[in-house]
Amino acid sequence: MGRKRSATLTDGELRLMRVLWSRGASTVADVMDNLGARRSPAYNTVQTMMRILEAKGYVQHRKVGRAFVFEPLIDESQARRSALRYVLDRFFDNSPHTLVLSLLEDRQVDRKELAELQDLVGRREGR
C-alpha cells in the first residue's frame with residue numbers, strides 16, 4: 001500500500017513550484033535549468049514530481065510538440081495560506097491565538113515588525 005499523499009508541498013515540490021511561480025509556464029527541462037546552485041535531481045525525478053504536483057492540483061500541463069509545458073494553478077500566496085491552515089489545524093488546534101503566541105515566543109520580533117503587527121490588528125478590529 002502506497003504512502004498517503006500530502007495536501008501540502010514537500011520541500012522538493014516547493015523548489016519546483018518556486019521556479020514555476022517565477023518563470024510561469026515551463027517544461028521539465030526549463031525547471032531543471034532554473035533550480036539554482038544546488039544539485040538538480042534527475043530529469044525523470046523532476047518529471048515525476050511535476051506529475052505529483054498535477055495530481056495534487058498545484059499545476060496543469062499542456063502538450064507543445066513533444067514536450068509537456070507545466071503551469072501553476074495556484075499562486076504562492078494561495079500555497080502559503082494552504083500550508084498555514086494545515087499547520088494551524090494540525091499543531092495549534094485551529095487557534096490563531098496559540099500560533100501567534102508561539103511565533104512571538106520563538107522568534108525575535110523587532111520594534112518595527114511589532115508595530116506593523118499592532119497596526120494590522122488595529123485595522124482588522126476596525127472592519
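Is Arg 80 buried or exposed? I looked it up in this model, which is predicted. Arg 80 has 55% relative accessibility, so it counts as exposed, the cut-off being over 50%.

**Entry: Arg 80 and its partner.** I searched for a charged partner next. Arg 80 forms a salt bridge with Glu 76, and their closest N and O atoms are 3.3 Å apart. I found both residues in helix H4 (residues 76-91). They sit four residues apart, about one turn of the helix. Glu 76 is partly exposed, at 29% relative accessible area.

**Entry: other salt bridges.** I noted five salt bridges in the structure. Side chains of opposite charge can pair when their charged atoms come close. Arg 123 is exposed at 52%, while Asp 119 is partly exposed at 43%. I also checked Arg 23, which forms a salt bridge with Asp 30 at 3.5 Å between the closest N and O atoms. Arg 23 is partly exposed at 40%, and Asp 30 is partly exposed at 25%.

**Entry: the sheet.** I traced three strands in an open, antiparallel sheet, ordered S1-S3-S2. Strands S1 (26-27) and S2 (59-64) are the edges, each pairing on one side only. S2 pairs with S3 (residues 67-72) over six bridges. Within S3, Pro 72 stands opposite Val 59.

**Entry: helices on the sheet.** I saw helix H3 (residues 43-55) pack on the sheet, touching S2 and S3. Its direction makes about 120° with that of S2. Helix H1 (residues 11-23) lies across S1, S2 and S3, at about 85° to S3.

Note on methods: Residues numbered from 1 in each chain as written. Predicted model: local features only at pLDDT ≥ 70, side-chain atom pairs only at ≥ 80, totals over all residues. Heavy atoms only, no water. Pairing = 2+ DSSP bridges. Helix = DSSP H or I, 4+ residues; strand = E, 2+ residues; numbered from the N terminus. Contact = heavy atoms within 4.5 Å. Axes fitted to C-alpha atoms, helices over the stretch in contact; angles between N-to-C directions. Salt bridge = Lys/Arg side-chain N within 4 Å of Asp/Glu carboxyl O. Buried < 20%, exposed > 50% of the residue type's maximum accessible area, 1.4 Å probe, protein only.
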